[in-house]
Amino acid sequence: MNWIDIAALDEIPARGARKLTTAQGCVAVFRTGGDDVYALDDRCPHKGGPLSEGIVHGQSVTCPLHNWVFDLNTGRAMGADEGTVPTYPCRVEGGRILIDASRLARASAA
Amino acid sequence: MKRLVVVGAGMATGRALEHLFEREPGRWSVTLFNAEPRGNYDRIMLSPVLSGEKAYEDIVIHDAAWYEAHGVECRFGTRVASVDRAAKTVTSETGDVVAYDKLLIGTGSDPFMIPLPGHDLDGVIAYRDLEDTERMMAMGAGRRVVVIGGGLLGLEAAAGMAARGADVTVIHINPHLMERQLDEAAGYLLRKALVEKGITVRCSANSTEILGDGGHVRALMLDDGTELACDLLVMAVGIRPNVAVAKRAGLAVGRGIQVDDRMVTSDADVLAVGECVEHDGALFGLVAPLYDQAKVVAATLTGEDAAFVPKELSTKLKVTGCDLFSAGDFAEGEGREDIVLRDPSRGVYRRLVLQQDRVVGAVMYGDTADSAWFFQLIKDRTDITDMRETLIFGPAYQGGGQADPMAAVAALPDDAEICGCNGVCKGTIVAAIEGGAVDLGGVRANTKASASCGTCTGLVEQLIAAQTGAAAPAVQPVCGCTDLTHEEVRRLIKSQALKTMPAVWQELGWKTVDGCHTCRPALNFYLLADWPLDYADDPQSRFINERKHANIQEDGTFSVVPRMWGGVTTPDELRAIADAADKYHVPTVKVTGGQRIDLLGVRGEDLPAIWRDLNEAGMVSGYAYSKGLRTVKTCVGTDHCRFGTQDSTGLGIALEKTLHGSWTPHKLKLGVSGCPRNCAEATCKDIGVVCVDSGYQVSIGGAAGMDVKETEFLIQVPTEAETIQVIKAVIQVYRENAKYLDRIYKWLAKVGMDWVRAQIEDPDERRALVDRFELSQSVYRHDPWARHAAAQAERYRPVASLALEAAE
Ligand code: SRM
Ligand SMILES: Cc1cc2nc3c(=O)[nH]c(=O)nc-3n(C[C@H](O)[C@H](O)[C@H](O)COP(=O)(O)OP(=O)(O)OC[C@H]3O[C@@H](n4cnc5c(N)ncnc54)[C@H](O)[C@@H]3O)c2cc1C
Ligand code: SF4
Ligand code: FES
């Protein structure tokens with residue numbers, strides 16, 4: 001694990017998300033109504049919609065383009081739709097958001 | 001005899017001594033120091049003492065007889081000043097020196113006092129001991145108290161003083177109370193119960209200064225300038241382990257006194273217990289773990305093996321009438337899932353958090369009878385696969401139980417207005433049903449309820465079903481989060497004066513924690529349309545286009561459409577648009593079907609900057625992304641056209657200027673044509689005006705999208721001013737009554753033109769509608785681009801860049 005501090009929790013609105021740019025593309029960092037955080041690739045497996053712009057509810061997000069709904073825990077599409085978004089370990093510590101950058105950093109170092 | 005010196009006669013050391021004397025009676029000679037001038041009492045029960053339910057005598061744990069029986073030498077009212085670990089002695093602040101074989105530190109916590117200017121004034125206190133409690137007990141009727149902190153302690157203090165008749169205000173920095181233990185829904189119910197007890201609750205409030213008069217507190221000032229007068233100010237914002245003695249003695253101290261699993265500090269002869277310790281990085285603020293620690297302390301002192309293992313904790317609030325319970329873990333975790341049960345009629349809320357077929361957390365409000373059962377499931381990590389379906393109903397229902405889809409209607413008070421048109425309350429309808437009106441027709445004939453616009457029909461049917469036991473007709477609910485229809489939700493928001501999203505979720509029995517992408521935008525609209533001054537628009541409940549004030553494109557870029565009032569522009573505006581298109585590399589510039597110019601393909605990050613540029617040229621957001629006023633299409637009218645009868649361009653501009661910014665159930669397009677040749681296509685807009693010699697013909701309900709509809713004539717009026725009034729009134733009736741995502745023509749088909757016309761023709765009704773429209777516009781008629789470019793630009797940028805971090 002390679003935990004990197006990316007931002008204060010307050011920089012993301014509750015039930016919202018912000019983009020995190022990385023060497024291998026954008027990652028969407030979500031904050032739920034209960035102040036849990038999640039990180040998923042910011043690309044919907046359907047047609048590439050930016051998940052960071054979706055509506056966050058419970059522990060899911062709805063893609064803004066065609067309303068596919070994803071479980072933030074697993075990145076899996078819910079209901080009848082099929083597809084999975086890669087997820088990255090992410091947590092809050094002392095009001096700061098930490099993301100595990102091992103997979104992301106490896107790619108950026110290469 | 002082994003000599004034990006104990007620093008602090010609190011709940012933790014008291015329990016440790018009990019275990020010690022049980023294990024090795026008569027083998028210890030104990031000296032007990034306490035800063036408070038008394039021995040061990042049940043600190044937890046100070047709240048019932050404060051509220052008058054108990055007396056101090058009732059909460060003493062160890063009295064003089066107990067100490068004497070166990071040969072404890074008590075030095076109460078005496079603080080330990082220092083410890084000499086080499087000499088193995090402690091020195092009290094009065095200079096007494098006492099030698100020990102083993103030392104036990106249990107100094108508890110210090111309340112944290114926010115260092116606001118004035119925090120040292122007389123009358124500013126914490127809530128920790130009997131002295132504090134007695135200060136608060138002196139606050140009776142006519143005394144004003146402010147409590148800073150809406151957590152467990154602050155609320156118990158507030159409720160205790162309110163029970164004595166004091167005028168209490170609670171200031172809390174977070175949006176909901178007890179945010180560490182409760183979620184929003186439970187926080188909402190708790191707040192409601194406290195308000196019913198006469199306590200004023202101000203959430204999201206920041207204190208800036210404590211004002212005094214002659215050295216005594218006079219008022220608390222908030223950052224919005226409000227001054228809250230008070231005779232006593234209680235700070236209950238948190239505690240810090242009291243590590244002063246330990247630190248001076250040179251023991252290892254982090255946030256608390258560091259101990260190992262056996263409760264031994266960095267010195268083998270010194271133990272610590274209670275709120276002053278730090279174990280494995282964790283601090284403690286509830287007695288359950290302290291009692292476990294106390295057991296370990298006794299074992300360690302008597303040379304037995306024991307290890308402290310932290311367990312799951314639960315919280316209850318000791319305020320009569322506020323039954324709440326919270327336990328376990330709500331933070332992070334793979335594959336978590338919520339089960340929610342709300343019973344609005346009983347004010348009950350339950351939420352379980354599941355993870356891999358185990359309950360990991362629970363919040364309950366209103367009915368906590370089953371809390372012990374749920375807490376046990378959490379502690380035992382019981383596999384709940386077999387009872388998943390009925391789990392939420394508690395142990396009594398294993399094998400049965402079901403949520404009541406009519407609970408929200410059943411919960412309504414008798415004076416809740418069901419039919420807004422005819423002012424009919426629930427009580428009247430129930431009386432009619434009891435009097436024999438057992439179907440919709442009967443109720444309508446008797447009470448007029450649902451006989452006008454008809455949007456409350458569903459509610460009336462549910463009432464009939466609830467009263468007669470008949471099945472309610474199947475309806476199309478808003479979404480899977482509720483059994484209610486849009487129309488029912490709208491009526492209930494009004495009749496129950498629900499003004500926040502958590503209030504709606506709870507009182508209308510939402511089945512999810514915080515809604516979904518279908519209901520949240522609808523609720524956000526209903527709340528802002530009904531309570532423009534009370535409800536704060538929630539961007540997170542808006543679809544991306546409205547949240548970012550731009551239309552998202554299929555490649556994730558955005559389009560930017562500035563307003564072009566009535567379709568009229570100037571060379572300067574056109575130059576500014578051209579400059580912006582160049583500067584931000586806009587790939588496509590297109591004239592829209594709405595008489596303005598669209599800049600398509602702008603990067604999300606560039607939005608605030610391009611808006612700022614357009615703002616500087618005098619242009620504002622065209623709301624091309626909104627369920628709100630879009631365009632007012634005009635023709636050239638009398639200005640240039642040889643057939644024009646009135647100034648259609650001028651009227652269009654005036655309309656767009658006064659209507660812009662208003663949110664509506666769906667998009668709203670207007671057209672104003674200067675004569676019946678109708679070059680502005682006014683008769684296929686949501687609202688159209690066709691000018692004639694004798695005045696202005698207003699028609700509504702047109703569309704030219706998926707359905708093509710011609711407008712229906714509403715009214716003809718003689719002046720421009722009256723035209724504008726009529727249009728505002730129509731928009732307001734539509735805003736107040738229509739289902740979210742119904743355009744005017746769809747709504748019109750439900751309520752009927754006659755009903756709408758009756759509202760507009762009645763002069764009082766029209767005036768009232770216009771007033772309400774204007775009230776809402778006083779909040780919403782503004783340019784969101786200017787606001788976002790100035791204050792929210794940060795939100796449009798990535799929160800961080802990992803590529804850079806890695807390179808650094
Ligand atoms: C830009 C524009 C097309 C153009 O280049 O002319 C346009 C573009 C879109 N229209 Fe439109 N409509 C545009 C004029 C119209 C018109 C003509 C008009 O307004 O006179 C109509 C038919 C008239 C009407 O509304 O009745 C029209 C009927 C629709 C509909 C069907 C609505 C309906 O109730 O049937 C939709 C879908 C919807 O809103 O749900 C739609 C939705 C859309 C959306 C917002 C689709 C979407 O959700 O992403 C398009 C956004 C493109 C983008 O990314 O910017 N657009 N759209 C026009 C913008 C006008 C403006 O200046 O604001
Ligand atoms: C109003 C109130 C309500 C509460 N309600 C609950 C509840 O419902 N449930 C729950 O689990 N917990 C509750 N708590 C918390 C609970 O009371 C504490 O967790 C518990 O009392 C801590 O025990 P302790 O022995 O560590 O410290 P304390 O009980 O605070 O004892 C420490 C003692 O050490 C003394 N001391 C400090 N320094 C020195 C020194 N240098 N020399 C000599 N003596 C010293 C202090 O005067 C104090 O008497 C409540 C607390 C308060 C104030
Ligand atoms: S007609 Fe269809 S494709 Fe064309 S702008 Fe309107 S919504 Fe988009
Ligand atoms: S791109 Fe996400 S649902 Fe289509």
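By class, the residues forming the shell around ligand 2 comprise 12 nonpolar, 10 polar and seven charged ones. The model described here is a predicted one. The residues around ligand 2 number 29, and those that come nearest are A12(B), R128(B), E275(B), V287(B) and K318(B).

| Residue | Protein atom | Ligand 2 atom | Distance |
|---|---|---|---|
| N34(B) | polar side-chain atom | oxygen | 3.0 Å |
| E36(B) | polar side-chain atom | oxygen | 3.0 Å |
| V287(B) | backbone N or O atom | oxygen | 2.8 Å |

On its own, ligand 2 has 990 Å² of accessible area, of which the protein covers 93%. Two or more residues of the shell are given by each of these elements of chain B: α1 (11-23), α5 (152-163) and α8 (287-301).

Attention now turns to the nonpolar cores. The largest nonpolar core contains 118 residues, and M161(B), L190(B) and I610(B) have the most contacts inside it. Helix α16 of chain B, residues 519-530, gives the most to this core, contributing eight residues.

When its neighbours within four places in sequence are left aside, L190(B) is in contact with L155(B), L177(B), M178(B), L182(B), L317(B), C322(B), L324(B) and Y365(B). There is also a second, separate core, which has 48 residues, among them V30(B), V83(B), L271(B) and V277(B).

How values were computed: Residues are numbered from 1 along each chain as its sequence is written. Chains are lettered from A and ligands numbered from 1 in the order in which they are written. This is a predicted model: local features need pLDDT of at least 70, side-chain atom pairs count only at pLDDT 80 or more; totals for chains, interfaces and linings use all residues. Side-chain values use heavy atoms; hydrogens and water are left out. A residue is near a molecule or strand if one of its heavy atoms lies within 4 Å of it. A polar contact is a pair of N or O atoms within 3.5 Å; within protein, one must be able to donate a hydrogen and the other to accept it, and residues adjacent in sequence count only if both atoms are side-chain atoms. Accessible areas come from the Shrake-Rupley method with a 1.4 Å probe; for residues, only the protein chains shown count as cover. Helices (H or I, at least four residues) and strands (E, at least two) are DSSP runs, numbered from the N terminus. Ala, Val, Leu, Ile, Met, Phe, Trp, Tyr, Cys and Pro count as nonpolar, Asp, Glu, Lys and Arg as charged, and the others, Gly among them, as polar. A nonpolar core is a set of buried Ala, Val, Leu, Ile, Met, Phe, Trp, Tyr and Cys residues joined through side-chain atoms within 4.5 Å. Buried means under 20% relative accessible area, exposed over 50%, partly exposed in between (1.4 Å probe, protein chains only). Contact means heavy atoms within 4.5 Å.
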